[in-house]
Amino acid sequence: MRIYGSEPGESDIEVPGHRYAALIGGPLDGQLIDVTGWSRQQLVDGAALITERGAFGPGGRTHYEGRPGDLDRLHWIGDTP
């Protein structure tokens with residue numbers, strides 16, 4: 001799973017033929033995640049992404065979920081250790 005724009009100075013490079021979802025809210029707000037090949041249900045279920053920027057620091061996870069009818073964006077729902 002690749003998050004674009006997550007490193008300082010890294011550009012948001014989208015690969016032609018890939019599908020992306022914007023991360024909305026939380027520590028990864030405004031970044032893109034490559035969701036190429038994800039099913040509709042996987043987009044709704046979302047993902048627990050490992051990040052150093054969440055409430056639990058390095059190794060913690062930040063959770064994003066899709067909403068039916070808005071599958072081009074994943075919305076932050078919270079952090080876990």
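Is Arg73 buried, exposed or partly exposed, and what is its relative accessibility? At 36% relative accessibility, Arg73 counts as partly exposed (buried means under 20% relative accessible area, exposed over 50%, partly exposed in between, with a 1.4 Å probe and protein chains only). The close-ups below start from there.

This is a predicted model, in which local features need pLDDT of at least 70 and side-chain atom pairs count only at pLDDT 80 or more, while totals for chains, interfaces and linings use all residues. Residues are numbered from 1 along each chain as its sequence is written, and side-chain values use heavy atoms, with hydrogens and water left out.

**View 1. Two salt bridges are found in the structure.** A salt bridge here is a side-chain nitrogen of Lys or Arg within 4 Å of a carboxyl oxygen of Asp or Glu. Arg73 pairs with Asp70, their closest N and O atoms being 3.1 Å apart. Asp72 pairs with Arg19, with 3.5 Å between the closest N and O atoms. Because Asp72 lies in strand 6 and Arg19 in the loop between strand 1 (3-4) and strand 2, this pair ties together parts that are 53 residues apart in sequence. Strands (E, at least two residues) are DSSP runs, numbered from the N terminus. Asp72 is partly exposed at 49%, and Arg19 is partly exposed at 35%.

**View 2. Ala21 belongs to the largest nonpolar core.** Look for Ala21 in strand 2 (residues 20-24); its relative accessibility of 0% makes it buried. Beyond its neighbours within four places in sequence, Ala21 is in contact (heavy atoms within 4.5 Å) with residues including Ile33, Val35, Leu71 and Leu74. The core has twelve residues, among them Trp38, Leu49 and Tyr64.

**View 3. Strand 4 has a covered and an uncovered face.** Ala47, Leu49 and Thr51 make up the covered face, Ala48 and Ile50 the uncovered one. In a regular strand the side chains alternate between the two faces of the sheet. Strand 4 pairs with strand 5 (residues 60-67) in the antiparallel sense over five bridges; pairing requires at least two DSSP bridges. Arg61 in strand 5 is the bridge partner of Ile50.

**View 4. Thr80 lies in strand 6.** Thr80 is partly exposed at 29% relative accessibility. Its C-alpha atom is separated by 6.7 Å from that of Phe56, 24 residues apart along the chain.

Technical notes:
Helix = DSSP H or I, 4+ residues; strand = E, 2+ residues; numbered from the N terminus. Core = buried A, V, L, I, M, F, W, Y, C linked by side-chain atoms within 4.5 Å.
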